[in-house]
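Subject: Structure handover

Hello,

Here is the structure for you to look over. Please open it alongside these notes.

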Amino acid sequence: LRNGLFNSPSYLAANNARLMDVLRTKAFKSRSLQRWARYVLLGVDAYHNTDVSYQQPSLEHVAPNKLNGAMHWTHMPPEGDLQHRLGNLTILKTAWNEEIKRSSFGEKKSYFSQSRLWINDWFEAQTEWGPLEIEERTEALLADLVRVWPFQRLTPW
């Protein structure tokens, strides 16, 4: 990841608008892309939330990673990669992530409110979670991403 993404021609040639266009529909499925999404989410949170220490941060899918058999998530489209988009990803403690894998949005929401992370404050006002909410949160996160790391300022850790 350190050498791949940040030195790729598509990243180096991107401006903020192009980067947002690509990331708007990007499916963060692979381990390297999920590490990148985790890094970005932690960075955006740290920008807004300087008093939190991140102990065992884990990438969590709000709507489950795998929708098959997830009875609380039948309103999500079974085809496509919506559940792998940036707006459907957040950060939780690893132990919590394991506890709530396929829980309902209401159950997950209680964990998000306990997390003390700025990026999880988004869920407080939400009564449901589906495609529209994922798209809205993706847009908000991308706007923060380019504010935190302007064009070509996202650097490897």
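Below are the conventions first, then the findings by element.

This is a predicted model, in which local features need pLDDT of at least 70, side-chain atom pairs count only at pLDDT 80 or more, and totals for chains, interfaces and linings use all residues. Residues are numbered from 1 along each chain as its sequence is written, and side-chain values use heavy atoms, with hydrogens and water left out.

Overall layout

The protein chain has 7 helices and 2 strands. Helices (H or I, at least four residues) and strands (E, at least two) are DSSP runs, numbered from the N terminus. Their order from the N terminus is α-α-α-α-β-β-α-α-α. The chain has 157 residues, and 46% of them count as buried. Buried means under 20% relative accessible area, exposed means over 50%, and partly exposed lies in between (1.4 Å probe, protein chains only). Take the contacts in the protein chain with a separation of 6 or more: 72% of them come from residues 24 or more positions apart. Contact means heavy atoms within 4.5 Å.

The two helices α4 and α7

Helix α4 covers residues 31-48, and helix α7 covers residues 131-148. α4 has 18 residues and reaches 26 Å from its first C-alpha to its last, close to the 26 Å expected at 1.5 Å a residue. α7 also agrees with expectation: its 18 residues should span 26 Å, and its end C-alpha atoms are 25 Å apart. The expected span of a helix is 1.5 Å times one less than its number of residues.

How do the two helices pack? Their angle is about 75°, and their axes are 10 Å apart. α4 and α7 are therefore roughly perpendicular to each other. Axes are lines fitted to C-alpha atoms, for helices over the stretch in contact, and angles run from 0 to 180 degrees between N-to-C directions. Angles under 35 degrees count as roughly parallel, over 145 as roughly antiparallel, 65 to 115 as roughly perpendicular, and the rest as oblique.

On the α4 side, the contact is made by W36, V40, L41, G43, V44, Y47 and H48. α7 supplies L141, D144, L145, R147 and V148. These residues divide into 8 nonpolar, 2 polar and 2 charged. Here Ala, Val, Leu, Ile, Met, Phe, Trp, Tyr, Cys and Pro count as nonpolar, Asp, Glu, Lys and Arg as charged, and the others, Gly among them, as polar.

Burial next. In α4, the buried residues are W36, A37, Y39, V40, L41, L42, G43, V44 and D45. In α7, they are E133, I134, R137, T138, L141, L142, D144, L145, V146 and V148. The cover over the buried residues of α7 includes α3 (16-24), α4 and β2.

R147 sits in helix α7. Its relative accessibility is 48%, so R147 counts as partly exposed. R147 and Y47 are 100 residues apart in sequence, yet their C-alpha atoms are 9.8 Å apart in space.

The strand pair

Strand β1 (residues 57-61) has 5 of its 5 residues buried, so it is largely enclosed by the rest of the structure. P57, L59 and H61 point one way from β1, while S58 and E60 point the other way. β2 is mostly covered too, with 4 of its 5 residues buried.

β1 and strand β2 (residues 89-93) run antiparallel and are joined by 5 bridges. Two strands pair if DSSP finds at least two bridges between them. L59 stands opposite I91 in β2. H61 has L89 of β2 as its bridge partner.

Loops to check

Which residues other than glycine have a positive phi? Q56 is one of them, with phi near 50°. R116 is another, at about 65°.

Q56 lies in the loop between α4 and β1. At 57% relative accessibility, Q56 counts as exposed. R116 is in the loop between α6 (105-114) and α7. R116 is exposed, with a relative accessible area of 54%.

S53 is in the loop between α4 and β1. S53 is exposed as well, at 54% relative accessibility. S53 and R116 are 63 residues apart along the chain, and 9.7 Å separates their C-alpha atoms.

Best regards
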